[in-house]
Amino acid sequence: TQAISLQAPPTQRLASTFVLAAPIAGKSKEAEIKRINKELANIRSKFKGDKALDGYSKKKYVCKLLFIFLLGHDIDFGHMEAVNLLSSNKYTEKQIGYLFISVLVNSNSELIRLINNAIKNDLASRNPTFMCLALHCIANVGSREMAEAFASEIPRILVAGDTMDSVKQSAALCLLRLYKTSPDLVPMGEWTSRVVHLLNDQHMGVVTAAVSLITCLCKKNPDDFKTCVSLAVSRLSRIVSSASTDLQDYTYYFVPAPWLSVKLLRLLQCYPPPEDAAVKGRLVECLETVLNKAQEPPKSKKVQHSNAKNAILFEAISLIIHYDSEPNLLVRACNQLGQFLQHRETNLRYLALESMCTLASSEFSHEAVKTHIETVINALKVRGVGPLRGQERKGLDVRAGGGAWMSGYSLEREVVAILAEKYAVDYSWYVDTILNLIRIAGDYVSEEVWYRVIQIVINRDDVQGYAAKTVFEALQAPACHENMVKVGGYILGEFGNLIAGDPRSSPLVQFNLLHSKFHLCSVATRALLLSTYIKFINLFPETKATIQEVLRSDSQIRNADVELQQRAVEYLKLSSIASTDVLATVLEEMPPFPERESSILAKLKKKKGPGAGSELDDGKKEPGAEINGGMEPSASTSTPSPSADLLGLRAAPPASLAAPTSAGNLLVDVFSDSPAAAPGLAPGTDENFLRFVCKNNGVLFENQLLQIGVKSEFRQNLGRMYLFYGNKTSVQFQSFTPTRLPQLNIQTKAVDPLVEGGAQVQQVLNIECLSDFTLAPLINIKFRYGGTLQNITLKLPITLNKFFQATEMQSQDFFQRWKQLSLPQQESQKIFKANHPMDPEVTKAKLLGFGSALLDKVDPNPDNFVGAGIIQTKSLQVGCLLRLEPNAQAQMYRLTLRTSKEAVSRHLCELLSEQF
Amino acid sequence: MNCRQGKLRLQKWYTTLPDKEKKKIIREIVQIILARNQKMSSFVDWKDLKLVYKRYASLYFCCAIEDRDNELLALEVVHRYVELLDRYFGNVCELDIIFNFEKAYFILDEFILGGEIQETSKKSAVKAIEDSDMLQETMEEYMNKPAF
């Protein structure tokens, strides 16, 4: 238990929001109230003020209100502000809004409509964190209005294939809460059968949450959920037989998944033993394993280990008792409980007694329980002898383990009472035992126990005399328990005549004995005794004068208690005016009670659950639906087939490439042999090139002779580019040789060296990106036009961003990754002037063309753009996040790129910043 | 959760009750728990429920469970919650809980929902909270770039 030290000094992490809290913590009550009222006034004025509060301040004040509420003060405002926080897209503001509502808004609030609206939005957001917050809120408030609004939506979320595990968990328990409050509003349907199969889910947390829901559903509709039995058994069997380390984080102090085990055992208690022999066999095996483990040496000395282990054991025993059909298991369970009864751990003794109590009502366990009845009674003897006062009482407390003192102790009495009745050889022994019980520890005998003893005495005339004698003797004790007075008064009033022959217990002696206790008793007991007295007048006419005297005394007839006064007055009148016959009729001996079940046993039976049948179905496994975040499934691109998947490239050449119709001439040297064009890039290519960063098709180059069109497509790290060379002249180009310069792994096919006038030739380039690059590959085109050699070098529009694979992700993932890429060199930022009109739609289109996904609802500022993607190269993948903040007023943009590779961040930032 | 002086530090209800009733119940339970000595067992019958409690330093953690619920496991629920707090706060103390009560609530919601155990894995439950903290920090950093 010392693993946790709560005594450490206060940490420095005191929320700065709560400057308020510090002075409050230690001061006097008055100072606290004064301080709080001041703060409340301040917050109220902030909320009412003309100046609209920003989200942060709203959050701060709502949080303060919560704090004040938790200090025990009433809060009657701030609800509206909290509701406003719900629609914030800042997680922490939303979170505080939901917390306030969960703690402070009760179900009939008129705000519920607004709240429901916010919840609806969050449920639809597909952002798992927001969805969980909304589900937690529904589960926490659990009102009927919420059930009306969401009871049909949540099952859908629960069983949808693409729901995240954490959302499933919350949805299951949220639905459970709604089902408990408003079962009529939760529609049963197709989802219920799928819910059962959550028992097979790979995620232990999902199973843990789902079992609770399934158990509740099973209780209401056992027949509809029968299939869960076999699933639960196989799940349980897998857990029970797993090694203590198999389940990793679901192992608690060397005990594999104790919470899930207990929940599964509880689920099984909704049904009778499985009918299918195989399932039953497997279950019995599980239960035996649990019992066996109890005998193994502990794997840890920590109390957490033994508690978790025994928690499963007790639940297994409950199931064994519930089935009540496996004598072997019952006996083992009983022996185990017997061991616990003598355990030094107080909690275990308490629980063992409780279970023993349930076990006592089982049909098959008579013999086994009998062997332990001695243990139980011995335990009681040791603890119970002698008056329960002072030192001894304290000693007893220690041994009986205190815990049991208030409740467990009374429980022990009940155990004895039940055991006594069940195993009573003759009823005089029973009466003895119970009266002993009352004598020793009357305080802890429940009403049921003493009613039962009276019921039994009245119904069995063979013990009536004995009972009268016994209570009479018990009442001789100078201080006897009030419960004893009650039982005594009742029994003597009915059967006192049976012992009246003995002068030591003559009617008057009996009366005086009872009356000597009268003044020490409570009103209820005194009322009972007054009835005994009037019965005495009937049974023993010789006591009439004495008793009338008592009834007539001021302390009775003028008693401040109405009930006592009324009884005294009425009984006095009855005894004076009624004839003996009338009196005898009125005060006749009580008729036997109908022989019904002992109320104690009835109480016990209530503790056992209902039951129904089940059958076997094993080992159905749902495939783990989750792949990896939100990446788009990508088509296989290793062998691209040029015709099929390339957007119908061949269908028609772009209009711009349509060959112009001009008269056919011989090739004429237009530019002469000027070498200027040869080594350098063709003029204008850079601007043109930049236009292709965000698009794949268009005219790459054009002069008077030649037009080059391009169409391309990229998938992962592969690309295919079609170049269309159009001869704008009517003269043939000769020796036409486009050659790419070696950079990327580009395969080209040779092109026909002759291009007829007005004709177009096409060249296909297959591209593979091996690693990240910054320089675009070049292509050199030489041809003879007329007698002149033309030499054009162009940048091919292949930039790194072409290998961008867009990645959709939720806001939380985005920020998680953003955080992971926080090294200075991973970020590249540029602030630049807008070169084009700042149209958000155009910007969006450009960003999409750039290749990144556009993420909605990530940036708190809706004007900003956020994108994400992965650069795919053969040797590595580079995750990229980008954020673009337009500033319309300044006509500026700020662009931030974060990637795992410095060069990539820089290059992409440069490429993209030229686009706006 | 209440301290030795009987001041309530954290309360969470899984049934809907009027405020007055809640206050009455809290008073009653705090009295019962504070009156018990260390040698007594951790379970007390209370109305038709059972109180399961455990003391950690100056704080008592107490939950009321139904008659048929598993008491030992309830005790470990309390312990696991304390472990979660400890893992999150690092050597948690009463003041952590007083001043960061909202975190204590968030952690509780990850662990228990609607009165049922949702996630027993320490990693998952605390991770959810740490993630949201991270989110908050990142968002602050993200938003706090100087204007341009």
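A crossing of two helices is left-handed if the near helix is turned anticlockwise from the far one by less than a right angle, and right-handed if clockwise. I write this down before the first entry, where it is needed.

**Ground rules**

I am reading a predicted model, in which local features need pLDDT of at least 70 and side-chain atom pairs count only at pLDDT 80 or more, while totals for chains, interfaces and linings use all residues. Residues are numbered from 1 along each chain as its sequence is written, chains are lettered from A and ligands numbered from 1 in the order in which they are written, and side-chain values use heavy atoms, with hydrogens and water left out.

**Entry: α13 and α15 of chain A**

I looked up how helix α13 (residues 228-240) of chain A lies against helix α15 (residues 277-295) of chain A, and found an angle of about 35° with the axes 9 Å apart. Axes here are lines fitted to C-alpha atoms, for helices over the stretch in contact, and angles run from 0 to 180 degrees between N-to-C directions. Helices (H or I, at least four residues) and strands (E, at least two) are DSSP runs, numbered from the N terminus. The crossing of α13(A) and α15(A) is left-handed. On the α13(A) side the contact (heavy atoms within 4.5 Å) involves A:S230, A:V233, A:S234, A:L236, A:S237 and A:V240, and on the α15(A) side A:V279, A:R282, A:L283, A:C286, A:T289, A:V290 and A:K293. Sorted by class, this contact holds seven nonpolar, four polar and two charged residues. For these classes, Ala, Val, Leu, Ile, Met, Phe, Trp, Tyr, Cys and Pro count as nonpolar, Asp, Glu, Lys and Arg as charged, and the others, Gly among them, as polar.

**Entry: α7 and α10 of chain A**

I then turned to helix α7 (residues 128-141) and helix α10 (residues 165-181) of chain A, which pack at an angle of about 20° with their axes 9 Å apart. The pair α7(A) and α10(A) is therefore roughly parallel, given that angles under 35 degrees count as roughly parallel, over 145 as roughly antiparallel, 65 to 115 as roughly perpendicular and the rest as oblique. I noted a left-handed crossing for α7(A) and α10(A). Among the residues that make the contact are A:M131, A:L135 and A:I138 of α7(A), together with A:V167, A:C174 and A:L178 of α10(A). The class count for this contact is eleven nonpolar, four polar and one charged residues.

**Entry: two covered helices**

Helix α16 (residues 303-323) of chain A has 21 residues and reaches 30 Å from its first C-alpha to its last, close to the 30 Å expected at 1.5 Å a residue; the expected span is 1.5 Å times one less than the number of residues. I found 18 of the 21 residues of α16(A) buried, where buried means under 20% relative accessible area, exposed over 50%, and partly exposed in between (1.4 Å probe, protein chains only). After α16(A) comes A:D324, with a positive phi near 50°.

Helix α5 (residues 91-104) of chain A has 14 residues and spans 20 Å, close to the 20 Å expected. Because 14 of its 14 residues are buried, α5(A) is largely enclosed by the rest of the structure.

**Entry: positive phi in loops**

Most residues other than glycine have a negative phi, so I noted the exceptions that I came across. A:Y253, with phi near 45°, sits in the loop between β1 (251-252) and β2 (255-256) of chain A, and is buried at a relative accessible area of 17%. A:Q891, with phi near 55°, lies in the loop between β15 (877-887) and β16 (892-899) of chain A, and is partly exposed at 35%.

**Entry: two glutamates**

A:E563 belongs to helix α30 (residues 562-577) of chain A and is partly exposed at 35% relative accessibility. A:E563 and A:R526 stand 37 residues apart in sequence and 9.9 Å apart in space, C-alpha to C-alpha.

A:E589 is in the loop between α31 (580-586) and α32 (599-607) of chain A, partly exposed at 46%. Beyond its neighbours within four places in sequence, A:E589 is in contact with A:E494 and A:F495; from A:F495 it is 94 residues away in sequence and 8.4 Å in space, C-alpha to C-alpha.

Chain A has 36 helices and 16 strands, and buried residues make up 54% of its 916 residues. Chain B has five helices and six strands, in the order β-α-β-β-β-α-α-α-β-β-α, and 58% of its 148 residues are buried.
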